[in-house]
Amino acid sequence: MTSARAQILAAVLSGSVLLAPAAGAVDNDNESVRTAGSVSYVSGGVGIESIERLNSISGNFNLKLVFALKSGEYVSRVRVSVADAAGKTFLDTTSEGPWLLAKLPVGRYRVSATFAGKAVTQSVTLDAAKLRTLDFRWGSE
């Protein structure tokens, strides 16, 4: 077992993945790639199988968002909005898990992620092939 996989297994077994009560168990059918306009996206990442599946398809995307508390515990049910420099919204969705992968047109974007009523915004420049990862954290300042 690889070190990264062992760490993921330890995190999952220790209960470090937080789900909103209404979210329930994540079904792999919820991890199908969806389309919103010109954007393809998928979210998930609850459990080792889900993480491995998302890792296996991550090469098809150019943006990866990871959601967690500052303590390291993953969170889901994060509201996500992605807009270009002109303010046009390309994606507006709620993550089903702590990871969200998206394929956006080349350009510069502002990504806003909201969890427990607190929004965090980051900027990113995307090209066609390279996967860029943004890490969003919430907790005590």
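This briefing covers the fold, the aromatic ring pairs and the lysine–ring contacts of the protein above. The model is predicted, so local features need pLDDT of at least 70 and side-chain atom pairs count only at pLDDT 80 or more, while totals for chains, interfaces and linings use all residues. Residues are numbered from 1 along each chain as its sequence is written, and side-chain values use heavy atoms, with hydrogens and water left out.

**Fold and burial**
- The protein has two helices and eleven strands, taken as DSSP runs (helices H or I of at least four residues, strands E of at least two) and numbered from the N terminus.
- Along the sequence these elements follow the pattern α-β-β-β-α-β-β-β-β-β-β-β-β.
- Of the 141 residues, 38% are buried, a term for under 20% relative accessible area with a 1.4 Å probe, protein chains only.

**Aromatic rings**
- There are five aromatic pairs, counted for rings of Phe, Tyr and Trp (its six-membered ring) with centres within 6.5 Å, where planes under 30 degrees apart count as stacked, over 60 as edge-to-face and the rest as tilted.
- Phe 67 and Trp 138 form a tilted pair, because their centres are 6.3 Å apart and their planes stand at 40 degrees.
- This pair joins strand E4 (residues 63-69) to strand E11 (residues 132-138), its members being 71 residues apart.
- Phe 136 and Trp 138, both buried, have ring centres 6.3 Å apart and planes at 20 degrees, so they are stacked.
- Ring pairs link Phe 67, Phe 115, Phe 136 and Trp 138 into a cluster.

**Lysines over rings**
- Lys 64 lies over the face of Trp 99, 3.7 Å from the ring centre, the rule being NZ of Lys or CZ of Arg within 6 Å of the centre and within 35 degrees of the ring normal.
- The charged end of Lys 88 sits over the ring of Phe 90, at 4.8 Å from its centre.

Notes. Buried < 20%, exposed > 50% of the residue type's maximum accessible area, 1.4 Å probe, protein only.
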